[in-house]
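Colleague: Hi, could you talk me through how the helices pack here?
Modeller: Happy to, here is the structure.

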Amino acid sequence: MLEGIIAFVLGTAIGSFCNAVIYRLHVGDSPWRGRSYCPHCKHPLAIVDLVPLLSFLVLHGRCRYCQQPIAGQYFWVELAMGLLALGMVWRFGISLEAVVGIVMSAFLLVIFVYDLRHQLILDRVSLPAMVVALVGSLVIGREPLSLLVGAIVGAGLFFLQFALSKGRWIGGGDIRLGAALGLMLGWPLVGVSLVLAYFSGAIVALGMILTKRKSWTSAVPFGTFLSAGGVATFLWGNDILQWYLAGGFFDWVVQTFLRFYNPTI
Ligand SMILES: [Zn+2]
């Protein structure tokens, strides 16, 4: 219980840093130098303006100095990172695995938001993510061969699409993110993350087309779905894989089919 609360609070602070990284990468500032400031009036922020979640709520989502609204992203990223850190500790206990999971979640959360907002996966995020994923995986004892195969599969799948479409379907950033996921999860778990990303991406894209919010031709920010799939797989990949191999997925498809075509069952 106590470790869960500590993990959540620590996670929201990491989320606050993620927000600063997302903003500063976009405007071209160094994430490491200088104090945080309001994007509107550039007023430096005091400690009371930087308390994760609470500052946003107390100030009703507005800057204390210029009263301009602060993007809801600042609140949601802090909350998401808090929940991810809580999830990692809940799943793995206080362990190296949880630490690696939290650090990788922070990288993937930045990629998730950045690709969603700007349709771009920056090398300045994906390349360090590859290095951290490799080191973290070796620290928690994943097999080097599994990591190598994972990276080749993750990067190779996107390289193939990149080459076939001459860069029209996906960008080079997806290739590097695929490699990072392979190094983070290894084979066969990277396969689970790719399937989750394609499934969730297809469902969301279909929903947007049906509600006419997007057309067939508009691009889906695939890095967003890959990041989400990667984190979900880090947490539950083995369970999903076991469930799939035990035939759970096929049972589910058959049951769903029967429910629609024979309601008496
Ligand atoms: Zn301001």
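Below we chat about helix packing.

Modeller: This is a predicted model, where local features need pLDDT of at least 70, side-chain atom pairs count only at pLDDT 80 or more, and totals for chains, interfaces and linings use all residues. Residues are numbered from 1 along each chain as its sequence is written.

Colleague: At what angle do H1 and H4 pack?
Modeller: Helix H1 (residues 2-27) and helix H4 (residues 96-118) pack at about 40°, with axes 10 Å apart. Helices are DSSP runs (H or I, at least four residues), numbered from the N terminus. Axes are lines fitted to C-alpha atoms over the stretch in contact, and angles run from 0 to 180 degrees between N-to-C directions.

Colleague: Parallel or oblique?
Modeller: H1 and H4 are therefore oblique to each other (under 35 degrees is roughly parallel, over 145 roughly antiparallel, 65 to 115 roughly perpendicular, the rest oblique).

Colleague: Which residues meet there?
Modeller: Among them are Gly11, Ile14 and Cys18 in H1, and Ile102, Ala106 and Leu109 in H4; contact means C-beta atoms, placed from the backbone, within 7 Å. The residues of this contact divide into 11 nonpolar, 3 polar and no charged. Ala, Val, Leu, Ile, Met, Phe, Trp, Tyr, Cys and Pro count as nonpolar, Asp, Glu, Lys and Arg as charged, and the others, Gly among them, as polar.

Colleague: Switching topic, how far apart are the axes of H1 and H3?
Modeller: The axes of H1 and helix H3 (residues 73-92) are 7 Å apart, at an angle of about 140°. H1 and H3 are therefore oblique too.

Colleague: And who touches whom?
Modeller: The contact includes Ala7 and Phe8 of H1, and Val77 and Trp90 of H3. By class, it has 14 nonpolar, 8 polar and 2 charged residues.

Notes: Helices (H or I, at least four residues) and strands (E, at least two) are DSSP runs, numbered from the N terminus. Two residues are in contact if their C-beta atoms, placed from the backbone, lie within 7 Å.
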